[in-house]
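Welcome! Please take a look at the sequence and the 3D structure shown here, and then let's walk through a few of the features together.

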Amino acid sequence: MKLGVLALQGAFVEHINILKELDVEPVEIRRLSHFSDDLDGLIFPGGESTAISKLLNESGLLAPIKDAVLGGMPAFGTCAGMILLSGQVEGLGTGTIPVLDVLVRRNGYGRQLGSFSTVAHFEGVGDVPMVFIRAPYILEIHGSVEILTEIDGKIVAVRQNSILATAFHPELTENADIHKFFIEMIASQ
């Protein structure tokens with residue numbers, strides 16, 4: 001299996017290291033020549049969603065990646081990645097690659113001081129550690145979106161068809177269960 005990891009900004013190295021541990025071939029996507037539609041899926045890391053959107057546009061990656069994901073390429077977004085994949089972002093309109101039928105709130109837990117870690121149940125996996133850093137959360141879901149995790153009544157992980165999104169950073173823990181879940185999603189298609 002070969003998974004692309006958007007490597008423009010944010011916590012992409014951590015995703016790459018986890019994929020290597022799981023014997024999955026990671027492909028760093030930094031420029032247009034790195035992206036191809038023969039990838040089995042694509043990971044959108046945490047970071048700063050506005051900066052990542054800007055870099056996607058400037059690099060020429062936005063159109064081909066958007067076409068691939070809208071065309072059915074599996075995608076996994078963590079934190080900022082969730083924002084990029086959301087159909088609606090509160091106060092901003094649509095996400096950069098609007099494939100999830102959700103309304104998301106950026107910085108839902110406040111500024112950096114609102115960051116926290118917890119352990120919670122992730123549907124289909126069990127209890128996993130979760131790191132929230134200036135994290136978003138989902139206000140509304142629509143259509144076929146499946147809620148995988150809620151923390152204090154706030155939706156923080158969802159799946160819709162071949163798209164997985166978490167408000168937290170599973171790549172910043174020692175636990176690879178969420179990445180395994182994404183790989184199994186792809187394998188079962």
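Are Phe122 and Phe168 buried or exposed? Both Phe122 and Phe168 are buried, where buried means under 20% relative accessible area, exposed over 50%, and partly exposed in between, with a 1.4 Å probe and protein chains only.

## About the model

This is a predicted model, in which local features need pLDDT of at least 70, side-chain atom pairs count only at pLDDT 80 or more, and totals for chains, interfaces and linings use all residues. Residues are numbered from 1 along each chain as its sequence is written, and side-chain values use heavy atoms, with hydrogens and water left out.

## The aromatic rings

The structure holds 5 aromatic pairs. Rings of Phe, Tyr and Trp (its six-membered ring) pair if their centres lie within 6.5 Å; planes under 30 degrees apart count as stacked, over 60 as edge-to-face and the rest as tilted. Phe116 and Phe132 are stacked, because their ring centres are 4.5 Å apart and their planes lie at 10°. Phe116 belongs to strand β7 (residues 116-122) and Phe132 to strand β8 (residues 126-132), so this pair ties together parts that are 16 residues apart in sequence. Helices (H or I, at least four residues) and strands (E, at least two) are DSSP runs, numbered from the N terminus. Phe116 is partly exposed at 26% relative accessible area, while Phe132 is buried at 1%.

Phe122 and Phe168 make an edge-to-face pair, 6.5 Å centre to centre with 90° between the planes. Phe122 is in strand β7 and Phe168 in the loop between β12 (163-166) and α5, so the pair links distant parts of the chain, 46 residues apart. One aromatic cluster is formed by Phe116, Phe122, Phe132, Phe168 and Phe181.

## The nonpolar core

A nonpolar core is a set of buried Ala, Val, Leu, Ile, Met, Phe, Trp, Tyr and Cys residues joined through side-chain atoms within 4.5 Å. The largest one has 64 residues, and Phe44 and Ile65 touch the most other members. Helix α5 (residues 177-187) gives the largest share of this core, 6 residues.

## Around His15

His15 is found in helix α1 (residues 12-21) and is buried, with a relative accessible area of 0%. Its side chain joins that of Glu171 in a polar contact of 3.4 Å; such a contact is a pair of N or O atoms within 3.5 Å, and within protein one must be able to donate a hydrogen and the other to accept it, while residues adjacent in sequence count only if both atoms are side-chain atoms.
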